[in-house]
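Here is a briefing on helix packing and charged pairs. Look over the sequence and the model before reading on.

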Amino acid sequence: MSTVRGARERARVEVTAAIKDEARNQLAAEGAAKLSLRAVARELGMASSALYRYFPSRDDLLTALIVDAYDAVGEAAETAWAGARDAAATHPARWVAVACAVRDRALAHPHEYALIYGSPVPGYTAPPDTVGPASRVGQVLIGVVRAAHLAEGVAVPPLTDGLRPEAARMAADLAADLPPAVVVALVSAWAQLSGLISFELFGQFDRVVEDREQFFRHSVHELGRSVGLLDGRPQAPAARAADRGRPGPCPPSCRAPVEPGGRTRAQRVLPAHESRFVRPGRLGRTGGGRRSPAVRGNRHSTWTTRTTNAAAPSAAPVRDSTRSATFGRSMSRAGRKIPANVTTATTAPLTSA
């Protein structure tokens, strides 16, 4: 009995795969909006009633194709991330490797990429089943940034006051262990990554960009910088200080040396009759009667004092994994009716691991 059941299951898997393959051929030839179960059955030599036993409706077949497309691009991103980690690549290099893997998958299977990142299919609403697969690329991007953040490798980008409440909400939903400004920059970078690939895939770069691979690498590297990924060895207090609204970090070249007693040379208040301007780390420059940085409240000397006396930052809290699908839920088309005059399949959500 088990042998018969196993043979039937294998046959069902093979037929299901054949139906999906033919449906992908129709996507390439006609587009998602013209996908027809009857046409698929006709090409496979099946009766329409037989095909409906595998996929009860066109939307069920579309959902299966969408899930497969999301899983494929997610797997490519995860494989690239694992390979970059094994090679001990820097955090920006890992970011670029993941982005290039997504691009390579899109160029190799443009119609599948268009199904999930292109125009919505009229009358189709993606079910919750698509949320998890659609989140896989986003989980990888957040994973790259989180690893850099834990290694003190993220310089928190600026954030306008008007966006702070929304940034706090986004961080709570997507990655509570990352600074809100980083989460905002991450979502923006994810959207721009999709835009770069779509422009190349759909011909928007024709007669504009010739060396598209190098252009893409440069662009995604800059996107990595926008989320705070540092090129070199990360400097410890950068993210913490900026996120708390304190003065930004001073690079090592401009820090004032510390004298005995814990006071920096830049913090010595000069006598009233002296007119030298003391820069952090450099003494003896004439400054036209200006006071020392300590009197003027120079931000570099303030930073030096705080970093000299402050305790090492504690480890970042571990985020509760039960919130991992929140962003996928909010960004997918699950439960959202697509207007009839709008023409793609779905958009991909970004979420945390």
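R136 counts as buried, at 19% relative accessibility (buried is under 20% relative accessible area, exposed over 50%, partly exposed in between, with a 1.4 Å probe and protein chains only). This is a predicted model: local features need pLDDT of at least 70, side-chain atom pairs count only at pLDDT 80 or more, and totals for chains, interfaces and linings use all residues. Residues are numbered from 1 along each chain as its sequence is written, and side-chain values use heavy atoms, without hydrogens and water.

**Salt bridges**
- R136 and E78 meet through their side chains in a salt bridge, 2.7 Å from N to O (a Lys or Arg side-chain nitrogen within 4 Å of an Asp or Glu carboxyl oxygen).
- This pair links R136 in helix 8 (residues 136-150) with E78 in helix 4, 58 residues apart (helices are DSSP runs of H or I, at least four residues, numbered from the N terminus).
- E78 is partly exposed, at 29% relative accessibility.
- K20 and D68 form another salt bridge, at 3.0 Å from N to O.
- K20 lies in helix 1 (residues 2-30) and D68 in helix 4, so the pair ties together parts 48 residues apart in sequence.
- K20 is buried at 17% relative accessibility, and D68 is partly exposed at 24%.
- The whole structure holds 17 salt bridges.

**Helix 4 and helix 6**
- Residues of helix 4, including L62 and Y70, meet E112, L115, I116 and Y117 in helix 6 (contact is heavy atoms within 4.5 Å).
- Buried residues of helix 6 are E112, Y113, L115, I116 and Y117.

Note on methods: Helices (H or I, at least four residues) and strands (E, at least two) are DSSP runs, numbered from the N terminus.
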